[in-house]
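Subject: Structure for your review

Dear colleague,

Please find the structure below, handed over for your use. My account of the findings comes after it.

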2 protein chains.
Amino acid sequence: MVNTLFLPELREMLANKNEAELREFCSALHPSRIADFMDGLEPAEAWQILSRANLTQRAEIFGYFDRSFQDAIITTQDRDEVAQLIAQIPSDDRVDILEGIDEDIVSDLLSRLPASERRDIMRLSQYPEGTAGSMMATEFVRLREHLSIAEAIKEVGRQSEQYETIYYLYIIDEENHLRGLVSARQLLAGMKKPDTKLSDIMDTALISVDVMDDEADVVDKVARLDLLAIPVVDGERHMVGIITHDDVIDVVREGAHDDALRSVAVEPLEDTYLNTPVLILSWKRGMWLLILFFCALLTAMALQQYEEKLERWAWLIPFIPLIISSGGNSGSQSATLVITALAHGHVSMQQWFEVVVREIIMGLVLGFSLAILGLVTTMVFFPTVPGWYGAMIVPITLVLVVVCGTVTGSMLPLIFKRIGWDPALMSNPFVAGIIDILGIVIYMTVATLFLA
Amino acid sequence: MVNTLFLPELREMLANKNEAELREFCSALHPSRIADFMDGLEPAEAWQILSRANLTQRAEIFGYFDRSFQDAIITTQDRDEVAQLIAQIPSDDRVDILEGIDEDIVSDLLSRLPASERRDIMRLSQYPEGTAGSMMATEFVRLREHLSIAEAIKEVGRQSEQYETIYYLYIIDEENHLRGLVSARQLLAGMKKPDTKLSDIMDTALISVDVMDDEADVVDKVARLDLLAIPVVDGERHMVGIITHDDVIDVVREGAHDDALRSVAVEPLEDTYLNTPVLILSWKRGMWLLILFFCALLTAMALQQYEEKLERWAWLIPFIPLIISSGGNSGSQSATLVITALAHGHVSMQQWFEVVVREIIMGLVLGFSLAILGLVTTMVFFPTVPGWYGAMIVPITLVLVVVCGTVTGSMLPLIFKRIGWDPALMSNPFVAGIIDILGIVIYMTVATLFLA
């Protein structure tokens, strides 16, 4: 959403080279507000304005631009200046930003960075998407355990500008092994006895994650224990980074977004809806839509087997969508209930029998409710249905199809988990597609039994 | 997931009244691990063990129990001791816990609490679910601006035990108006000049939320600005509470969970899947399933109008589920894409025309892809279809139904938002239900044009 009110003024300041006002603009407000006001400028204009801010402010404001605007600036503006900016961006964010940039430009930029920064970027970009390593930053406060509280406070005060968080201070040994944690809270509370050594107050029952752990595990730990940050260690317990609370919120939000799309069989997008080209979006939907279409073709072939019967008993036809949608809807409900319960650790594989029993009971309750309604409405609104005998077909089918839906929908995610697949892969349209075929077979079998 | 390995040992310690070991158990590990180990005990046993911990530890361990176990302890154990525990639980958490407890027990417990705590609980519980007020805690560090950095550090160190976070310190005037913010980082960095007044370093360009703001706004601000906590003010800018990063993560996770259920037409659960009684769960699914059933009945009635034609051209019947599922699936995809884009602020109401154009293009791309596949498979697998002329009916219908699905699916959430409803209310089964009827009408109209 572009806030264009301020753009003419900004352009005028630039045209008049009004240094004082431009510098004032870059520092008077919260960096996020400044970025909002600049939304709508050309990359070159934005870059000229940013050049009036000091490097810290510049990196902060830049961090609030849209990803596509960041890309445009990086690829079009002066390489040396861009490299300077990149050196200033937190390590986890800049790796994400560079991931979307043309490889040649990235290697050009890397060659202009100090060797330590370059190595840091190359190391961080090696971790696969979705691991703790790909979420972590490498800027954190490292202290030695022999320091006193007074010395530690001085050290932290001195270095506080450089770090994403100074609220957790990590105690490491000379080989960079993680030994303990002291919080800024402990430092402040400990000021009464400033000579106390950090080793006496540090917390050694540390919760950490491995660099290759799944991001879902990171989220679980940070959320469950209300942590500000969690240390990341490698296989030898060397401390290699930290993941802060704000990165965890971002992962949870993005994950929820992706799950919502997956649940309707859309591949997650890399950019926003409006910024994703229509053809790419069509592909991300189309690939799954085609697969679902094949499932539906199977349903059509199943129905084709009953074509003669349906011609003879044409009054059965109108109820086909009713029956398969009842099965599909109850199946999607069960699948989503089980998938979310699995994701939150509320259900484990061992409890499958309990789940089946619950779903059969629910299927019966729901099926009989729909069946009663179906019976009444059939009698009232469908005059072509031949008497009581015929009117029993749809209700009986409904009970069977709904139970079939709840059991299939709840068991498929558990089976998927069992064989090591993502339970959420079994997205709702697939559950519905499978139950469609079962629904047709059940319907026609019941009808044949009653009418033949 | 019950970890029962340690339970016999714990029970033995209790039977032998082994005080030293019990006290050791309550303090040696992280409170979350202690709670894990106690999973599976009876409420009375857990309460006896907790009584060996000091009050702070007791409240922390209790905070990691499941909600239903917390309820069981509160309702069955000694009221005075329970009241003591409740006084110790952070203000936002205890309001949530008490919400699930029988009213008589709550008022008994409240009467045993100090007046200030009682007032605090009563005030916090007035805020409607989903507002900033219902998320906030009332424990935060309040300082006056005339304090020096040295005085502030002393004050924070002294009070650090009582507060959820001491990393943001709020500067208020004598009437409790929020004036500014000083971070613990600023305090530590400012120790070189300990006489500096807080008024000289405090940040006054403050981001805050109103007590009645929606929790989604809170999440957006905290996530976008990477905040540790956000102050909550009332209509007169009195500071009434803070919301910390961990509460925001919880809201995002619960929100994602509820949205996933709503998207398949299940009312969000108050407890976990396995802890929710089967009849309540049946009701939370059944109420929507019944509404969807009525939608499906309308589809059946629409189909009934075409019963004679379908009897005559029986080869049309097998394709009915194929056509309505293609429309429903593409409609659900569009609806979810637009709902998630709206929720993340990636699309605004003003951009509806852009959305329609994109969806029509995507509908045509997807529709033609399915149509080509449909044409080929019809010719190969459905021998009863009468020649080229008849074989065109299904493909043409598919293009029209898919475009109809993408346009309906994308516009309905925007229309809902326009008239002030929750766009996510338009959950996928409803979109599918609406498109079912449209699909039937389109199919039969195309067929009649070709065959009549």
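Residues are numbered from 1 along each chain as its sequence is written, while chains are lettered from A and ligands numbered from 1 in the order in which they are written. Please note that this is a predicted model, in which local features need pLDDT of at least 70 and side-chain atom pairs count only at pLDDT 80 or more, whereas totals for chains, interfaces and linings use all residues.

Helices here are DSSP runs (H or I, at least four residues), numbered from the N terminus.

Domains of chain A. An automatic or database domain assignment gives domain 1 (7-126), domain 2 (142-259) and domain 3 (278-451). The centres of domain 1 and domain 3 of chain A, taken over C-alpha atoms, are separated by 53 Å.

A helix pair in chain A. Helix H3 (residues 31-38) and helix H5 (residues 55-63) of chain A pack at an angle of about 60°, and their axes are 8 Å apart. Axes are lines fitted to C-alpha atoms over the stretch in contact, and angles run from 0 to 180 degrees between N-to-C directions. H3(A) contributes A:Pro31, A:Ile34 and A:Ala35 to the contact, and H5(A) contributes A:Gln57, A:Glu60 and A:Ile61. Four of these residues are nonpolar, one is polar and one is charged.

Helix H22 of chain B. This helix (residues 393-418) has 26 residues and is mostly covered, with 20 of them buried. A residue is buried if 20 or more other C-beta atoms, placed from the backbone, lie within 10 Å of its own. H22(B) is followed by B:Gly420, whose phi is positive, near 85°.

B:Leu316. This residue lies in the loop between helix H18 (307-312) and helix H19 (320-343) of chain B. B:Leu316 counts as buried because 24 other C-beta atoms lie within 10 Å. Not counting residues up to four places away in sequence, B:Leu316 touches B:Leu310 and B:Ala447.

Yours sincerely

Definitions and conventions
Helices (H or I, at least four residues) and strands (E, at least two) are DSSP runs, numbered from the N terminus. Two residues are in contact if their C-beta atoms, placed from the backbone, lie within 7 Å. Ala, Val, Leu, Ile, Met, Phe, Trp, Tyr, Cys and Pro count as nonpolar, Asp, Glu, Lys and Arg as charged, and the others, Gly among them, as polar. The expected span of a helix is 1.5 Å times one less than its number of residues. A residue is buried if 20 or more other C-beta atoms lie within 10 Å of its own, exposed if 12 or fewer, and partly exposed in between; C-beta atoms are placed from the backbone.
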